[in-house]
Amino acid sequence: MKDQTATIITLKHQFQETKDLIIHTFEYFNQEISLVYLQSICDSQKIKNDIIQHLMMCEKESKYILHLLSLPSINVIQNSEDLQSFLVDGCVLIFISKSVYSYNIQKKINTEALDATVEMSVQGPQKAFSQDLDENITFIRKRYPSNKIRVEYQEIGTLSKTKIALLYDVDYVDFKVLKKLKEQLSQIGYGCYSSCRSIRSCFNWEEKGTGAMY
């Protein structure tokens, strides 16, 4: 497999610099050890417990490698072309000693999603989103396992300071519409916003071709 740094840079480009692609690099055993994962679909607590804490406790690289190999669903990746598939499947990639290991650590979400009562589903299951932003992104990532999805986080409302996320497929998005959406979001100022409807009420979608937000 090619150089670790080059491989990670390639992954960043493949995932369109999405904000939920997390890269941690540590200096241990006289080398750089890197962890790469999608924060929206991986269990961060298990990464800390199963991978990072043991890294800090092991005094030898060989002992740490044995620990990794003892983990369930651990794989040694031989082909760099498979890396993005492991990431969208909810794996954390561990770069160490010119090898790459994948560890499936997919975040568990509420599989008993509520039936949609407000949103209109054009096609697909009649399931609603929850009030948890991270859980909703996880839900979308699992239903749409593509490295072309870009996630961007923003905060709106001077009172509510509501955290929102923009998700879009770079292959299909209309960048003119996306730019218009970002401009209108940046103009939202004083107020308290707690739902998509309250945010949508601030927009002016009268121009032809601008579209709508759901």
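Cys58 has a relative accessibility of 10% and therefore counts as buried, a term used for residues under 20% relative accessible area, with exposed meaning over 50% and partly exposed in between (1.4 Å probe, protein chains only). The model is a predicted one, in which local features need pLDDT of at least 70 and side-chain atom pairs count only at pLDDT 80 or more, whereas totals for chains, interfaces and linings use all residues. Residues are numbered from 1 along each chain as its sequence is written, and side-chain values use heavy atoms, with hydrogens and water left out.

Cys42 is likewise buried, because its relative accessibility is 0%. If a disulfide is taken as a pair of cysteine sulfur atoms within 2.5 Å, the count comes to 0; Cys42 is in no disulfide, and the nearest cysteine sulfur, that of Cys91, is 7.2 Å away.

The sheet is open and is formed by 5 strands in the order 1-2-4-5-3, with antiparallel pairing; strands (E, at least two residues) and helices (H or I, at least four residues) are DSSP runs numbered from the N terminus, and two strands pair if DSSP finds at least two bridges between them. Strand 1 and strand 3 (74–77) are the edge strands, each pairing on one side only, and the twist from one strand to the next averages 20°. Between strand 1 and strand 2, which run antiparallel, there are 8 bridges, and Phe26 stands opposite Ile33 in strand 2.

Two helices pack on this sheet. Helix 2 (residues 44–57) touches strand 1, strand 2, strand 4 and strand 5 (99–104), and its direction makes about 170° with that of strand 2; contact here means heavy atoms within 4.5 Å, and axes are lines fitted to C-alpha atoms, for helices over the stretch in contact, with angles from 0 to 180 degrees between N-to-C directions. Helix 3 (residues 61–70) touches strand 2, strand 3, strand 4 and strand 5, its direction making about 160° with that of strand 4.

In helix 1 (residues 4–14), the buried residues are Gln4, Thr7, Ile8 and Leu11. Seen down the axis of helix 1, these residues fall within an arc of 95°, so they line one face of the helix, the arc being that of the directions from the helix axis to the C-beta atoms. Their cover includes strand 1 (21–28), strand 2 (31–38), helix 4 (83–88) and strand 4 (91–96). After helix 1 comes Gln16, whose phi is positive, near 55°.
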